[in-house]
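User: Hi! I would like to walk through a protein model with you, one question at a time. Could you start with what you mean by a contact?

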Amino acid sequence: MTMMTPPPLDQEDEEMLVPHSDFNDGPQSMEVVAQGETISTAENQQVEEPPSTRFTWTIENFSRLNVKKYYSDVFIVGGYKWRILIFPKGNNVDHLSMYLDVADSATLPYGWSRYAQFSLAVVNQIHSKYSIRKDTQHQFNARESDWGFTSFMPLSELYDPGKGFLVNDTCVVEAEVAVRKVVDYWTYDSKKETGYVGLKNQGATCYMNSLLQTLYHIPYFRKAVYHMPTTENDMPSGSIPLALQSLFYKLQYSDNSVATKELTKSFGWDTYDSFMQHDVQELNRVLCEKLEDKMKGTVVEGTIQQLFEGHHMNYIECINVDYKSTRKESFYDLQLDVKGCRDVYASFDKYVEVERLEGDNKYHAEQYGLQDAKKGVLFIDFPPVLQLQLKRFEYDFMRDTMVKINDRYEFPLQLDLDREDGKYLSPDADRSVRNLYTLHSVLVHSGGVHGGHYYAFIRPTLSDQWFKFDDERVTKEDTKRALEEQYGGEEELPQTNPGFNNTPFKFTKYSNAYMLVYIRESDKEKIICNVDEKDIAEHLRIRLKKEQEEKEHKKKEKAEAHLYTIIKVARSEDLADQIGKDIYFDLVDHDKVRSFRIQKQLPFSLFKEEVAREFGIPVQYQRFWLWAKRQNHTYRPNRPLTQQEELQSVGQLREVSNKAHNAELKLFLEVELGPDGHPHPPPDKTKEDILLFFKLYDPEKEELRYVGRLFVKAGGKPVEILTRLNEMAGFPPNEEIELYEEIKFEPTVMCEHIDKRMTFRASQLEDGDIICFQKSPLVDTDEHCRYPDVPSFLEYVHNRQVVHFRSLDKPKEDDFCLELSKLHTYDDVVERVARHIGLQEPSKIRLTSHNCYSQQPKPQPIKYRGVEHLSDMLVHYNQTSDILYYEVLDIPLPELQGLKTLKVAFHHSTKDEVVIHSIRLPKQSTVGDVINDLKSKVELSNPNAELRLLEVFYHKIYKIFPLNEKIENINDQYWTLRAEEIPEEEKNLGAHDRLIHVYHFTKDASQNQMQVQNFGEPFFLVIHEGETLAEVKLRIQKKLQVPDEEFRKWKFAFMSLGRPEYLQDADVVSSRFQRRDVYGAWEQYLGLEHSDTAPKRAYTINQARHTFEKPVKIYN
């Protein structure tokens, strides 16, 4: 599987990489190209140094080119034909557009594919160092035969004669192309080439595949998994141990790549989870925790700890007094910094680096108070299998996004953690254990932060031979590919055409190591142990061998399918078995009748002999009918086979009967039984004879069953067969019965009463029609049947719907099932749910529909009476679900829908506390109503205190809500609503007083730029005319109750548009706040610069939430 996402770009306004297309919607965004993982038809396996060529194209009379697109001459790299494609006036953009194109794509064979890394450049002919060069890589194929840059460089820059790109109306373009060899994907056999098999990708599960291969190739781990107790009654999809055993067994003994669906099902994942790319580190941790839990109380208890658990010691040691605090902690993997570290050793050095706690940051030692101290981590012991997670992803606060670190980072084949006299070890460490490790596997991430591809380099036996496990494909690799090429950083390709422009061809490598697994030398004999069939439980061997045989059998059948026809034979016995149980409409479910796999060239007469052997019906007593699909979508026996047709081969007959050309032939076998129960020859059938099928309905039992078939004359009348029907039903001969014709059932039921005195022809009855009959209802009966006649019963069955109800709190678990009708109204449904759970007030039930794609509840609940029928609740786009979620509210839903709930953080005026209150009021209420409600719930400094409501976002005040503002449009999801008392001094502002914003801030020097970061609680302050900073500071210190020692370190600045202007004590503060035409009060404020030492409050959870990937959950 290969990435099609182009490398992430550093500049925000960088042009986008796209396959060229004459689109009209402006430049495509990078996401349009292809996010995440896409299946490719070929694998770019590097076999040798890639051939590369630099091609220079000199274009004269450039400004006079009067064409939309223009191609260079063809040049050859790696045996392939290439050319450059440019759009001199831009591909619907105001930039030069430039692409690399496969010159002979139109004539290449089906399924062709080739992979190249390349750069395109426009040469600056005055100063070559100002040439514009851009590079990328791509898997070229028939769908994307060109690739490059729609916005390569602005046309204004290109055509500016002073810039040096167009000299004497000549433009010089260069392409440097390096071709990677491609191995044929379709014919490659991993098992044959390497002895190992890969894992199939379910959509975005390559991250899981690389981890599973790594764990599988730790034989001690595999052995422990095999020895976890499972039974033959377990199902892999419901048992993680069995699913993992099954997967490992198949990896060990299968010849083809192995599916992981059973395992992900055992995790409790649905399809949506499998298409969600997760984090390998998180999955590793969660899976190991699950296995550790499942191993408890078994013979393999403790295996996870024995393999992966190490311990380190966190310590704080005072410098001037004799005090030391230590805490022992265990770890299963170590997170190592990549940024700023050249290799693994540098990361370990950083890990154990000593931090000095001094100045503002002194340590509070129990009996000694604040002390200068040293803080650090040392290792007590390392595990036999050391898992190192490399921190390739980090949050960039400047850009407010996650970024991937592609820096070069080296890791050794042998890792010595005893180096420099055990500098990483604590005094308690056992020095007799030699911590020398050898590299076992390298997990690689290729791509950018928003998606990519994972694969693993593993050496299963720790020999010199490495293998690359890339989803379904396993290839042999050398040490250079597994190590050096996964260091990251930049790669430089050798020059083959020195001379005109000697700039080396470099590109950032977006494939790099993300996780490393090392095995301790002294433990490798134990860990790389022998695992064979005797380690696998017998029931598992039998089950999996049987599965394998079935798979082989199906494979053989599939290969020979074109030689055979499937004949499905329905008989009266099938109709009797199915009608009223599995089906109610039509006659039979053809998937549940006896099917025969018959060679197409076999004469039909020989097939009849096989039927005779199977059913014990002699050939001369068999008559076969063809089925037909009618225009009203019912499926009925249509006509008997003719003698001529029975002389044909099975294959010819299937073509006659089936215009859709599927491989099946469906037949109804008519067998006439005499009074003695033995078969008789079928009666002659004329055009006057009609074959009818009969179903009997019992209103009291609400049962429908098949009772038989009859031939009737078209000119005859139903009244003539009533005695026969009563006999079939087991009724007295003179029982009054009513007849109905079952006409159709989709989209609605059509079942009409039959006039017993009209002829069958006049009632438009024909071969294959169905008549349902019942006893005539008694007019004056007291007995009440829910469905007194056939039409009402069939209507009920058609609309019957079993719904699985789940509590909204536990969206993965079915709570209970109810049989309802699709025609039930909203009120009917909530009434039934309330009755089931014993709730008196159905209006307190709130329902939420199911999203069939994400397998989750929809984000918005169903409004009170917001849909007409149950069927509307179950529809999601073009799919129908049978799941609804319910919750029980504390007030009726109609009342709740008229209310608005706001979360308000109340800041006490004298205590340092914040209390969150949920205020629930009618939607038409105002902010004044919120404040009045709040007053009854909070502790005020005095009974006459006035409150105000503020909107706070990222530690700035954006708004004071007017008392008359309606609350319906206030959003408390993204910003905090803060309520506070209005200080007395603000109520009596003088003519020259100003109310200013005061915010806390620190300066962050990341990325070589000074960035102001606000924190803490913003507030208002009254400043008086002529008041100096020294006077203002006194009031601020008193308000915030900051100790003198700390307050002395604070700096004060007038902030305008994020830039600080520092103030001195003698400065008059009000003179800075004179302007009234600012963008908003938050654009100018008094800034208090100091370090942020306050603990983060929980209620700010909605602010600054930075998500990267969804958390991994294993539900079972």
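Analyst: Happy to! Contact means heavy atoms within 4.5 Å. Please keep in mind that this is a predicted model.

User: Thanks! Which residues is Thr 214 in contact with, leaving aside its neighbours within four places in sequence?

Analyst: Thr 214 belongs to helix 4, which covers residues 206–216. Its relative accessibility is 2%, and because buried means under 20%, Thr 214 counts as buried. Leaving aside its neighbours within four places in sequence, the residues in contact with Thr 214 are His 440, Ser 441, Leu 443, Ala 456, Ile 458 and Val 517.

User: Nice. Stepping back to the whole protein, what share of the contacts with a separation of 6 or more comes from residues 24 or more positions apart?

Analyst: Some background first: the protein has 28 helices and 60 strands. Of its 1116 residues, 50% count as buried. Among contacts with a separation of 6 or more, the share from residues 24 or more positions apart is 67%.

User: On to the rings. What kind of aromatic pair do Phe 331 and Phe 379 form?

Analyst: The structure holds 45 aromatic pairs, so let's look at how one of them is classed. A pair of aromatic rings is described by the distance of the centres and the angle of the planes. For Phe 331 and Phe 379 the centres are 5.8 Å apart and the planes are at 85°. Planes over 60 degrees apart count as edge-to-face, so the pair of Phe 331 and Phe 379 is edge-to-face.

User: How many residues apart are Phe 331 and Phe 379?

Analyst: Phe 331 is in strand 14 (residues 324–331), and Phe 379 is in strand 19 (residues 373–381). Their pair links distant parts of the chain, with a separation of 48 residues.

User: Are Phe 331 and Phe 379 buried or exposed?

Analyst: Phe 331 has a relative accessibility of 6%, while Phe 379 has a relative accessible area of 0%. The cut-off for buried is under 20%. Therefore Phe 331 and Phe 379 both count as buried.

User: Which ring does the charged end of Lys 526 sit over?

Analyst: There are two lysines to mention here. Lys 468 lies over the face of Tyr 455, at 4.4 Å from the ring centre. The charged end of Lys 526 sits 5.3 Å from the centre of its ring, and that ring belongs to Tyr 220.

User: What is the phi of Glu 420?

Analyst: Glu 420 has its place in helix 12. With a relative accessible area of 53%, Glu 420 is exposed. Its phi is positive in a residue other than glycine, with a value near 50°.

User: Last one: what is the omega of the bond between Glu 746 and Pro 747?

Analyst: Pro 747 is found in the loop between strand 40 (737–744) and strand 41 (750–753). The peptide bond joining Glu 746 and Pro 747 is cis, and its omega is about -5°.

Notes
Residues numbered from 1 in each chain as written. Predicted model: local features only at pLDDT ≥ 70, side-chain atom pairs only at ≥ 80, totals over all residues. Heavy atoms only, no water. Phe/Tyr/Trp six-rings, centres within 6.5 Å; stacked < 30°, edge-to-face > 60°. Helix = DSSP H or I, 4+ residues; strand = E, 2+ residues; numbered from the N terminus. Buried < 20%, exposed > 50% of the residue type's maximum accessible area, 1.4 Å probe, protein only. Lys NZ or Arg CZ within 6 Å of the ring centre and 35° of its normal.
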